[in-house]
Amino acid sequence: MTTLLIFIIVLFVAVAMWQMVKIFDLAQVGASNNQVATDKDNTFNGYMMIGFLIFIYAITIASFVYLGDLPLMSNSASEHGPELDNLMIISMVIIFIVQTITQFLLHYFAYKYKGEKGRKALFYADNNFLEAVWTVIPVIVLAGLIIYGLFTWNDIMNVDESEDPMIVELYAQQFNWKARYGGDDNVLGKANVRLIDLDRANILGIDEEDPNAKDDVIVTELHLPVGRPVLFKMRSQDVLHSAYMPHFRAQMNCVPGMVTQFGFTPTVTTEEMRQNPDIQDKVANINALRLERKAEIEEAGQDLNYQFDYLLLCNKICGKSHYNMQMKIVVETQEEFDAWIAEQKTFPNSLNK
Amino acid sequence: MSATADTHAHDDHDVHHHKETFVTKYIFSQDHKMIAKQYLITGTIMGVIGVLMSIMFRMQIAWPEQPNVLFEALLGKWAPEGVMDADIYLALVTIHGTIMVFFVLTAGLSGTFSNLLIPLQIGARDMASGFLNMISYWLFFVSSVVMVISLFVEAGPAAAGWTIYPPLSALPMAQGGSGMGMTLWLVSMAIFIASSLLGSLNYIVTVINLRTKGMSMTRLPLTIWAFFVTAVIGVISFPVLLSAALLLIMDRSFGTSFFLSDIFIQGEVLHYQGGSPVLFEHLFWFLGHPEVYIVLLPALGITSEIIATNSRKPIFGYRAMVASILAIAFLSTIVWGHHMFISGMNPFLGSVFTFTTLLIAIPSAVKAFNYITTLWKGNLQMNPAMLFSIGLVSTFITGGLTGIILGDSALDINVHDTYFVVAHFHLVMGISALYGMFAGIYHWFPKMYGRMLNKNLGYLHFWVTAICAYGVFFPMHFIGMAGLPRRYYTNSNFPLFDDTANANVVITMFAIVGGIFQLVFLYNFFVSIFYGKKAEQNPWKSNTLEWTAPVKHMHGNWPGEIPHVYRWSYDYSKPGHDEDFVPQNVPMKDGEEELHH
């Protein structure tokens, strides 16, 4: 119903504008009906250019004020997160400086040099010095960004095996996630989709003969001990998926037929993150918004009260229910983790006999 | 039709002259000007479909799973009781992307203006091969028809995203849209590519061989440089997409395993072994990235021409502009991997692609600064075409700058496939190229139809569009940085994203208003074709050769001899001349220097 109302309002606005232009046009009939811009048009549009410049700045400021607390620019929960956020902030600052200046010059010149009859423009075709200036400056700035970016990238992507990372398999299928731990030996048993046996509940296609698989643990909620490096091995059984863990600044595609990997070290437990003032503000805001949509949310069978949790979401279009392919991530202390994993069934015990 | 008889009077010299019928003049025409108009009209119709789709899925994002009269009316069985289905949502997103990128901004933009302007601006009677040109248009038409037909198949149109990554696009059991809908999509694209290649080859040959006397490469208007280089990129990269499409067809229909391996779906193991979806991604983006520039370069060329003409100033740094077009073209073919940083390809490759990608910022920056300097101390004539060109520079800067973030492999990890990407590419290639197309239409409408568009409607169209474009895509960066993935039918399963919901409503409102105001343009366009004010021969006081041709179209473009060229096309406000423009066919005065050499 709201949609319809809005639609009608927009339609009315459009019609009103339409009529105004018609009047505008009719008023011009007496004057020379030339469709080429006159001085009056130049002046009008020159002022509009300044107005538009103000609009660009206003929407920038408004976006920061109203949406600026949305971005995950701070409060990352992984070891490499702050480094990446830092690079992001540096890039953003550069972008906003360049954006502010160039948009100003563009629109200000468009206003300042709006056409007047009888004036002649400056014949100014070339200036090698200027060209060199705005070639060299971007080169220097970009060289800095490229070097910083590549160091960060190498840091993130090179997994240091000597740190003995915990190996976790993320397994994607339309439309849910599973996680598999290597167990006591921290080695994943061999697996292939050809070994999937739904009758025996071997849904990940793990090789039952492989001794390494005996202590594997398969779960639907990802738990990670804080401070321990973890190396994810991603697999997909059907189509492309992407394992996106925004809070950890981590993402990697899951590709059928190959194993991809991504490693990071979680640094903040779920509990700690829930106590973070920024996150508490965010959650309070979300809960206030949810209260406004109470009926709708309860009808959908969701909890009205939202509590912060880390998430793994699918970020590569994968079919009809792509929009609901998620898994909860819990970061906890080593002791909590050990207690939790001890409760989970090992792979052989999870099979149907 | 009286126009025909009229022009024939001047036309006796033309060896190609033959009696025209309705069919040869308006349907199977081999005249580049008519073909340009055919491209424009077809592209416009496809554009209306594409924009309408975007408004529908924006409504779904803003008001998820709410009944909507528009859905009920247009989507039929895909919107039971007016609620949009999740499958058709993905299909709308997919077809919107396909139509806008290929059918509107490649064929509609390049097809229209390359055809119209290449012969007219270089001083040629027509394209090198009028016949191939005609075939090119009709293949485009057939591919458009096939694409539209695909919207009506039983299991739904293609819905795997416009990038159609397999296995999703390869397996009919993975998604309804990967059945007949995807087959038709692939067939349509294969025909489209054939059309594009024929067109591009024609443009290249024409520019190289048919320039009039005196029209050296360094005297070419920047429009022609842009069209020429665009055609070269197209010829290099489109065949790769064709091969990807053909291999995908073979995987789909003949059981090969180019892109597929180890798949278990719907309770059974498929036989595919040894292929890789990553290979498809490489092939796709080998076209897909140059495609961005195939879309953008013509728009930049058009803008260069219009900004210079309406500033009454030479374009600043002509040689740097040509060099940056060439640099962009070269770099565009070696950056495709930045779409694949997290696809599972070797991280070292990611480093290489980061390096090449950020290099593209340099020629792009040169272009932006040169446009701004061209405005400096000009005498700006604020015609609608000029407004759209300035608007293009604005969105090109805003959208281009965020490319610095996305091109950086480390930063891409966290914003890849979020709305940040959507905002970035819509501004830098979608809106910018669309502005270029609008600018071109407003500027060359008198050349195409011999009549003027209404400028006040043009102003209204520009200002509302400009505000709505920023209103839609600027806040979108922020919800992307909040981690909201693109292509989600609804975000209501993620309370985490609840605080983006209001921003999404605002964005949709801007999109609806912006969409509706395109009707102002359509009205202006179609009414002016018939009732617009009659155009003068050179309404914008421009230097390029097309304005030396008579207003009424004729075969061969010029009665009598083709004009010779004595200077570049940017002698605006040149000292020593009374007028503030000196057309290219005006000989040099005694002692006058050609300054830009």
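Student: What do the buried residues of H6(A) pack against?
Tutor: They pack against helix H7 (294-299) of chain A. Contact means C-beta atoms, placed from the backbone, within 7 Å. Helices (H or I, at least four residues) and strands (E, at least two) are DSSP runs, numbered from the N terminus. This is a predicted model: local features need pLDDT of at least 70, side-chain atom pairs count only at pLDDT 80 or more, and totals for chains, interfaces and linings use all residues. Residues are numbered from 1 along each chain as its sequence is written, while chains are lettered from A and ligands numbered from 1 in the order written.

Student: Which residues of H6(A) are buried?
Tutor: Lys282(A), Val283(A), Ile286(A) and Arg290(A). Buried means 20 or more other C-beta atoms within 10 Å of the residue's own, exposed means 12 or fewer, and partly exposed is in between; C-beta atoms are placed from the backbone.

Student: Where do they sit around the helix axis?
Tutor: Seen down the axis of H6(A), they fall within an arc of 95°, so they line one face. The arc is taken over directions from the helix axis to the C-beta atoms.

Student: New topic. Is Leu53(A) buried or exposed?
Tutor: Leu53(A) is buried, because 20 other C-beta atoms lie within 10 Å. Leu53(A) belongs to helix H2 (residues 39-67) of chain A.

Student: What is Leu53(A) in contact with, beyond four places in sequence?
Tutor: Gln103(A), Phe104(A) and His107(A).

Student: And how far is Asp164(A) from Leu53(A) in space?
Tutor: 54 Å, C-alpha to C-alpha. In sequence they are 111 residues apart.

Conventions: Two residues are in contact if their C-beta atoms, placed from the backbone, lie within 7 Å.
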